[in-house]
Structure formats: structure tokens, C-alpha cells
Amino acid sequence: MSLRLGDIAPNFTAQTSIGEIDFYEYLGDGWGVLFSHPADYTPVCTTELGKTAALQGEFEKRNVKVLALSVDGLDRHAGWINDINETQQVNVGFPIIADQDKSIANAYGMIHPNASETFTVRSLFVIGPDKKVKLMITYPASTGRNFVEVLRVIDSLQLTANYSVATPADWKEGEDVIVVPAVSTEDAIKKFPKGVNVVKPYLRYTPQPNK
Ligand code: BEZ
């Protein structure tokens, strides 16, 4: 059975480009992003890991640790990291897991046999401080992911966790958010002192609470 939202993300120990890691220990009580790519020394993956490295400060600001994974070994990771740093003008500091026996890829359902028997697809999981899976996305090998969108989703998840609000379609940082249905309008008015705009009894907006 593959992982689903709300499931506990399996723990593992792994060899990585920064040494051996116990996943849960590495995350501590913060958030995590675990993402797979098909293979080292491939063009789309090179840009994805470069973009992630460029956004490292944004992930840190949100208390998010990032880990990449492929089924290549540590030697290939080391040489490829040099290429990423050179071509994308970054400094890859996050760990890249060498999952040569595919145990982590299998636990997370990162191998989709009808796409490729051997390589992981572009899976990405956001894991909350409770170690539960909060987001899963799967892209094909030929499409690089949008890591700014990943940050946007993390912002939304953290707003929900901290303030009981949801975010509307295409929401961006600073825009109004939605009061979740579980909160009554009466309680929302008390909870959100910046005001509640009741468009319909079920559609209520409030300014972003942490702005
Ligand atoms: C890439 O990362 O560029 C890639 C990997 C596998 C298939 C197609 C593209």
C-alpha cells in the first residue's frame, strides 16, 4: 500500500552526501521535504537541485530540512554536486541520499514501474513536525518541479497548523486567507481581530494572521 496524506512518514537511516542520517533525528521537531529524482548527471535534475540549493535560506526560514534522493551511489553524488555547484552557481548543502538498494524509494512509493522499473520518478513529500505526510506530488522525469510552489504550499500548511486558516486558489503570501469550516463565524470574529469578511456563511476571508 502506498503512502497517503496523513500517514506517518517511514523513518530510515541512509548514507548521504553529508554522512549517515537517521531521518527522524535529522528532522528533529521541524518540517521536512524529501524528494526523489531519477538519476545523477541528468539535466533536469541538475536544475532542480540547483534551484533547491538557491532556495536553501527560504527553507531554513520556515524550519524545513530538505533531503534529495536517487538510487545512485555516494561517489556519483559527490562528482555531480560539483557539477551542480559549478553550473547553477550554488553550494549544495542539503543531503543527497544514496538509495542504492531502493529501500527508501520502495517505502515511499517513489518507483513507478510503468514509468521506469529502475529509476525513481520525481516524488516530493512534505513531512510535518508530527512526522505525518502533509503533501505528496509526483512529476514525470521530463518535467522539473517548481520549488517556489513547494514553498508556497509549505506556507499554506504552516498557516493551517498555526492559525486554523486555509488558503484560496492561487493564494500568495500576504493575501487574505480563508477561515476553515470548523471555526464558527462567531469564534472567527474573536480569533481574527483584523476582521472577517463573510461572503457566504461558508466562505469567510480574513487578512493573513501572521502579517
Ligand atoms: C533529467 O533529469 O534531465 C531527466 C532524467 C530522466 C529522463 C528525462 C530527463
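Residues are numbered from 1 along each chain as its sequence is written. In this predicted model, local features need pLDDT of at least 70, side-chain atom pairs count only at pLDDT 80 or more, totals for chains, interfaces and linings use all residues, and side-chain values use heavy atoms, with hydrogens and water left out.

**Exercise 1. The chain as a whole**

Task: State how many helices and strands the protein chain has, what its C-alpha trace spans, and what share of its residues counts as buried.

Solution. 
Step 1. The protein chain holds seven helices and eleven strands. Helices (H or I, at least four residues) and strands (E, at least two) are DSSP runs, numbered from the N terminus.
Step 2. The C-alpha trace of the chain spans about 60 × 40 × 30 Å along its principal axes.
Step 3. The chain has 211 residues, of which 44% count as buried. Buried means under 20% relative accessible area, exposed means over 50%, and partly exposed lies in between (1.4 Å probe, protein chains only).

**Exercise 2. The ligand and its shell**

Task: Identify which residues surround the ligand, and describe its contacts with Pro43, Cys45 and Arg122.

Solution. 
Step 1. Thr42, Pro43, Val44, Cys45, Arg122 and Ala141 surround the ligand; a residue is near a molecule if one of its heavy atoms lies within 4 Å of it.
Step 2. The residues of this shell divide into four nonpolar, one polar and one charged. In this scheme Ala, Val, Leu, Ile, Met, Phe, Trp, Tyr, Cys and Pro count as nonpolar, Asp, Glu, Lys and Arg as charged, and the others, Gly among them, as polar.
Step 3. Helix α2 (residues 43-54) gives the most to the shell, with three residues.
Step 4. On the backbone side, an oxygen atom of the ligand is 3.1 Å from a polar backbone atom of Pro43, and an oxygen atom of the ligand is 3.0 Å from a polar backbone atom of Cys45. A polar contact is a pair of N or O atoms within 3.5 Å; within protein, one must be able to donate a hydrogen and the other to accept it, and residues adjacent in sequence count only if both atoms are side-chain atoms.
Step 5. On the side-chain side, an N or O atom of Arg122 is 2.9 Å from an oxygen atom of the ligand.
Step 6. Taken alone, the ligand exposes 260 Å², and the protein buries 70% of that area. Accessible areas come from the Shrake-Rupley method with a 1.4 Å probe; for residues, only the protein chains shown count as cover.

**Exercise 3. Helix α6**

Task: Compare the span of helix α6 with its expected span, and describe what lies at its N-terminal end and what follows it.

Solution. 
Step 1. Helix α6 (residues 147-163) has 17 residues and reaches 24 Å from its first C-alpha to its last, close to the 24 Å expected at 1.5 Å a residue. The expected span is 1.5 Å times one less than the number of residues.
Step 2. Asn146 caps the N-terminal end of α6, with a side-chain oxygen 3.0 Å from the backbone nitrogen of Val148.
Step 3. Ser164 follows α6 and has a positive phi, near 55 degrees.
Step 4. The buried residues of α6 include Phe147, Val150, Leu151 and Asp155.

**Exercise 4. Salt bridges**

Task: State how many salt bridges the whole structure has, and examine the pairs Glu149 with Arg152, Asp130 with Lys134 and Asp187 with Lys190.

Solution. 
Step 1. Side chains of opposite charge can pair when their charged atoms come close. A salt bridge is a side-chain nitrogen of Lys or Arg within 4 Å of a carboxyl oxygen of Asp or Glu. A search of the whole structure finds eleven.
Step 2. Glu149 and Arg152 form a salt bridge, with their closest N and O atoms 2.7 Å apart. Both residues lie in α6, three residues apart, about one turn of the helix. Glu149 is partly exposed at 32% relative accessible area, and Arg152 is partly exposed at 25%.
Step 3. Asp130 and Lys134 meet in a salt bridge at 3.0 Å, N to O. Asp130 is partly exposed at 38%, as is Lys134 at 28%.
Step 4. Asp187 and Lys190 meet at 3.7 Å, N to O, and both lie in helix α7 (residues 185-191). Asp187 is partly exposed at 39%, whereas Lys190 is exposed at 62%.
Step 5. Salt bridges that share partners join Glu58, Lys61, Arg62 and Asp155 into one network.
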